[in-house]
Amino acid sequence: MKYFCKKMKRKGIRYLAFTGLLAAGCLLGCGRKEDITLESMDTAMGTVIQQRIYLSEGQDTQLTQRILEQIRDLEAEVLSWRLEEAELAQVNAQQGCVEVSQELLHLLEPVFEVAEASGGAFDPTIGEVVRLWNIDEWAQMENPRGYRLPPEDTLSEALAHTGYEKLSLDVNASKLYLPEGMQLDLGAVGKGIALNRIRELLEGEAGGAVISAGGSILTFGERPDHAPWRIGITDPLKYSDRIGYLEISGRWCISTSGDYERYVEVDGVRYHHIIDPDTGYPADSGVRGVTILAKDGLLSDALSTACFVLGVEEGMELAERFEAEALFVTEEGTIEMTTGMETYFHTR
Ligand code: AMP
Ligand code: MG
């Protein structure tokens with residue numbers, strides 16, 4: 001697959017916000033008589049989960065609830081580093097040679113594949129650095145102005161414990177080796193993994209659905225009026241607006257990583273939540289937001305983080321290696337995308 005960068009500069013107008021949200025929902029068409037639409041908005045995995053599901057008569061009207069429970073279980077039992085019962089938290093606590101479930105191993109395999117392919121721009125061993133920045137607390141901080149940056153020497157120490165290449169996985173023996181001091185963090189792929197689980201639940205149980213979990217969105221099946229799904233992309237430079245939307249049919253995962261999603265400001269400088277594993281500081285690749293379109297949620301989520309750190313050129317190359325489409329909004333407000341993405345992206 002070949003790509004070329006398309007630059008679209010708008011004179012006088014800066015491109016406004018980035019995000020993917022449920023634009024499809026706003027455009028609900030008239031369904032057939034027997035169609036039932038379920039809608040819900042809840043919180044799980046520290047983010048907002050929005051669901052819109054189209055059913056036919058006789059299908060389970062409790063599906064949104066089951067999906068929510070599935071997401072909460074996934075976090076509590078497998079993915080969380082914070083909840084003690086979660087397998088990932090236990091791996092982090094044990095260190096050294098650790099026995100792990102096939103379920104976690106099968107998630108870690110593609111995660112480490114992207115880590116390697118991205119040259120460590122996406123690195124799930126970055127846990128200790130993320131903890132030092134206290135990223136998960138930013139949203140709840142009562143006094144963000146009192147926030148102190150992590151001291152440089154502590155950051156360098158933590159960085160010495162990171163590096164995807166230092167960890168080894170033995171799928172046959174169901175074991176992994178976690179070097180001393182290393183902490184895993186699956187925050188960059190958790191929502192994408194959740195979307196894959198949701199998709200499995202939807203199979204045979206719904207005619208169509210659009211479900212968002214933070215910066216990741218799943219489209220599934222068809223709308224009752226057979227119109228394509230429309231997924232808005234927020235402008236990172238003005239979050240209340242969109243730069244355009246993706247028009248897609250059937251099953252897709254769309255993940256966006258943007259510097260506006262989580263950040264703190266210290267002495268007039270903004271520090272966001274996507275860390276460059278080379279420096280331990282927020283990535284500074286000239287990109288403000290990246291949206292990835294892929295068939296798989298783990299992949300779209302991992303790639304959005306990786307591409308944000310890599311920047312436009314290397315990010316495009318990485319996306320095409322995984323047959324995913326990518327769209328970048330740069331600091332200058334230009335939009336650059338893979339050729340494949342041009343088929344799906346439309347401006348207002
Ligand atoms: P996302 O919004 O999907 O790009 O994920 C960002 C989250 O992933 C952060 O809140 C951290 O928990 C974690 N993270 C930050 N930087 C990286 C990185 N370079 N590689 C892997 N995970 C990261
Ligand atoms: Mg991500």
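**Notebook: helix packing and a buried glutamine**

I began with the overall make-up of the chain, and I counted 10 helices and 17 strands. I note at the outset that this is a predicted model, and that the values below are computed from it. Of the 348 residues of the chain, I find that 53% count as buried. I also looked at how far along the sequence the contacts reach: among those between residues at least 6 apart, 66% join residues that are at least 24 apart.

**Entry on H7 and H8**

I next looked up how helix H7, residues 190–202, sits against helix H8, residues 297–310, and found an angle of about 165° with the two axes 7 Å apart. Angles over 145 degrees count as roughly antiparallel, and I therefore record H7 and H8 as roughly antiparallel to each other. The crossing in which H7 passes H8 is right-handed. On the H7 side I listed Gly190, Lys191, Gly192, Ile193 and Asn196, which meet Gly297, Leu298 and Asp301 of H8.

**Entry on H9**

Which residues of helix H9 are buried? For this helix, residues 312–321, I noted Val312, Gly315, Met316, Leu318 and Ala319. Seen down the axis of H9, these buried residues fall within an arc of 165°, so I take them to line one face of the helix. On the face turned away from that buried side I found the exposed residues Glu313 and Arg321. I then asked what the buried residues of H9 pack against. The partners are helix H4 (102–117) and H8, together with the strands E14 (287–294), E15 (325–330) and E16 (335–337). Just after H9, I marked Glu323, which takes a positive phi of about 55°.

**Entry on Gln51**

Is Gln51 buried or exposed? I located Gln51 in strand E3, residues 47–56, and its relative accessibility is 2%. Buried means under 20%, so Gln51 counts as buried. Leaving aside neighbours within four places in sequence, I listed its contacts as Leu38, Glu39, Ser40, Thr64, Ile67, Leu68, Val210 and Ile211. I also looked up the separation of Gln51 and Ser212, which lie 161 residues apart in sequence, while their C-alpha atoms are 6.6 Å apart in space.

Technical notes: Residues are numbered from 1 along each chain as its sequence is written. Chains are lettered from A and ligands numbered from 1 in the order in which they are written. This is a predicted model: local features need pLDDT of at least 70, side-chain atom pairs count only at pLDDT 80 or more; totals for chains, interfaces and linings use all residues. Side-chain values use heavy atoms; hydrogens and water are left out. Axes are lines fitted to C-alpha atoms, for helices over the stretch in contact, and angles run from 0 to 180 degrees between N-to-C directions. Helices (H or I, at least four residues) and strands (E, at least two) are DSSP runs, numbered from the N terminus. Angles under 35 degrees count as roughly parallel, over 145 as roughly antiparallel, 65 to 115 as roughly perpendicular and the rest as oblique. A crossing is left-handed if the near helix is turned anticlockwise from the far one by less than a right angle, and right-handed if clockwise. Contact means heavy atoms within 4.5 Å. Buried means under 20% relative accessible area, exposed over 50%, partly exposed in between (1.4 Å probe, protein chains only). The arc is that of the directions from the helix axis to the C-beta atoms.
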